[in-house]
Amino acid sequence: AICQLFRESLYSQGFVEIHTPKLIAGESESGAGVFTTDYFGTTACLAQSPQLYKQMAISSDLDRVFEIGPVFRAENSNTRRHLCEFTGLDLEMAINEHYMETLEVVHNMFKHIFENLETRWAKELEVIRTQYESEPVTFTDEPCVLHWPEAMEILKEKEFDMGDELGDLTGAQELALGAAVKEKYGTDFFMLDKYPSNIRPFYTMPDPADARFSNSYDMFIRGQEIC
């Protein structure tokens, strides 16, 4: 259902579906472990991300692309935040004026998923919720975008020690931030923008106004990072 709704929304917003290699020459994502294998005497890697291929597609004048496919991460951690193999839903798009254009596209896509899961798959959700209790996701009509400095202030108000405020968030901090955003803005779904540059992948664009931060973001539902 989610893959179908993902496709529907992106097709309606002018995207093209692509299929990228999964057996590649090197790592495609810094900050994540990589599985390696022998490729006729040469070391090959299982793709951690289609990121570089998506960017090449944009450079070849495919303005908006997406892929649904397998992702491999050699992460030996037994938590719900780490998976060795999963199905990734990835998109990439050219930016005309400002990267906020991407946030608007992604917000529209998530709205489409949230709304249609509750209506078109109501019967299936009813069955699932008899065993795994859940509530519909609440969300704002326009993107709810939180900037890193505001997130730091919120967490300090919750008595977290944020140090120099340039380190990555812990799971407990993300959950606390999600609860605070729900209380303040009335939404389960929000975007955290302007991450510190030192905790982002190598290809992330620095903020022109302050290189300590980046033009990058993550998205959360109820304090759980989803992308």
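# Reading helices and rings

Reader: Which residues of helix α6 are buried?

Author: In α6, the buried residues are Gln173, Glu174, Ala176, Leu177, Gly178, Ala180 and Val181. Buried means under 20% relative accessible area, exposed means over 50% and partly exposed lies in between (1.4 Å probe, protein chains only). Helices (H or I, at least four residues) and strands (E, at least two) are DSSP runs numbered from the N terminus. This is a predicted model, where local features need pLDDT of at least 70 and side-chain atom pairs count only at pLDDT 80 or more, while totals for chains, interfaces and linings use all residues. Residues are numbered from 1 along each chain as its sequence is written, and side-chain values use heavy atoms, with hydrogens and water left out.

Reader: What covers the buried residues of α6?

Author: The cover includes β7 (145-147), α5 (148-157), β8, β11 and β12 (224-225). Take Glu174 as one case: it is buried, with a relative accessible area of 3%. Leaving aside residues up to four places away in sequence, Glu174 touches Arg81, Leu169, Phe220, Gly223 and Glu225, where contact means heavy atoms within 4.5 Å.

Reader: How many residues does α6 have, and what does it reach from its first C-alpha to its last?

Author: Helix α6 (residues 171-185) has 15 residues and reaches 21 Å, close to the 21 Å expected at 1.5 Å a residue. The expected span is 1.5 Å times one less than the number of residues. Gly186 follows α6 and has a positive phi, near 70°.

Reader: How many aromatic pairs does the structure hold?

Author: A pair of aromatic rings is described by the distance of the centres and the angle of the planes. The structure holds ten aromatic pairs. Rings of Phe, Tyr and Trp (its six-membered ring) pair if their centres lie within 6.5 Å; planes under 30 degrees apart count as stacked, over 60 as edge-to-face and the rest as tilted. Tyr11 and Phe66 have ring centres 5.4 Å apart and planes at 75°, so the pair is edge-to-face. It links distant parts of the chain, 55 residues apart: Tyr11 in helix α1 (residues 2-12) and Phe66 in strand β5 (residues 64-72). Tyr11 is partly exposed at 45% relative accessible area, whereas Phe66 is buried at 0%.

Reader: Is the pair of Phe190 and Phe220 stacked or edge-to-face?

Author: Phe190 and Phe220 are stacked, with 5.2 Å centre to centre and 10° between the planes. Phe190 lies in strand β8 (residues 189-193) and Phe220 in strand β11 (residues 217-221), so the pair ties together parts 30 residues apart in sequence. Both Phe190 and Phe220 are buried. Elsewhere, Phe110, Phe114, Phe139 and Phe189 form one aromatic cluster.

Reader: At what angle do the axes of α3 and α4 cross?

Author: Two packed helices are described by the angle between their axes and the distance between the axes. The axes of α3 (residues 100-120) and α4 (residues 122-129) come within 5 Å and cross at roughly 85°. Axes are lines fitted to C-alpha atoms, for helices over the stretch in contact, with angles from 0 to 180 degrees between N-to-C directions. The helices α3 and α4 are therefore roughly perpendicular to each other (under 35 degrees is roughly parallel, over 145 roughly antiparallel, 65 to 115 roughly perpendicular and the rest oblique). Leu117, Glu118, Thr119 and Arg120 in α3 meet Ala122, Glu124, Leu125 and Arg129 in α4.
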